[in-house]
Amino acid sequence: MDIQMSTLTDPYLYQALMSMMDEYLVVQTSEGSVRGKLASVLPDHIVIEVSGTPFYVRSQQIVWFFPSSEDADR
């Protein structure tokens, strides 16, 4: 039995997030929002660092995002 997995990648979302690497963001997901520093962008997920703790967010769960100042995160 051959198991194949596939992931949908939105190239526009990926490029937009890559341009915001190491910046502070507010990311709205289908489950709520996350506010922190964008630490990593991969085709299927991003990593948002909140007070030193990484939060892994699947790209497919992102509803919207926008830049945020560091002061607003504290």
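Predicted model: local features only at pLDDT ≥ 70, side-chain atom pairs only at ≥ 80, totals over all residues.
Residues are numbered from 1 along each chain as its sequence is written, and side-chain values use heavy atoms, with hydrogens and water left out.

**View 1. The order of elements.** Helices (H or I, at least four residues) and strands (E, at least two) are DSSP runs, numbered from the N terminus.

**View 2. The open sheet.** Its 5 strands lie in the order S4-S3-S2-S1-S5, with antiparallel pairing; two strands pair if DSSP finds at least two bridges between them. Strand S4 (53–58) and strand S5 (62–67) are the edge strands, each pairing on one side only. On average, neighbouring strands are turned by 45° against each other, direction ignored; axes are lines fitted to C-alpha atoms, for helices over the stretch in contact, and angles run from 0 to 180 degrees between N-to-C directions.

**View 3. Strands S1 and S2.** S1 (residues 24–29) pairs with S2 (residues 32–41) in the antiparallel sense over 6 bridges. Tyr24 has Lys37 in S2 as its bridge partner.

**View 4. The helix on the sheet.** Helix H1 (residues 11–18) packs on the sheet and touches S1, S2, strand S3 (45–50) and S5, where contact means heavy atoms within 4.5 Å. The direction of H1 makes about 25° with that of S5.
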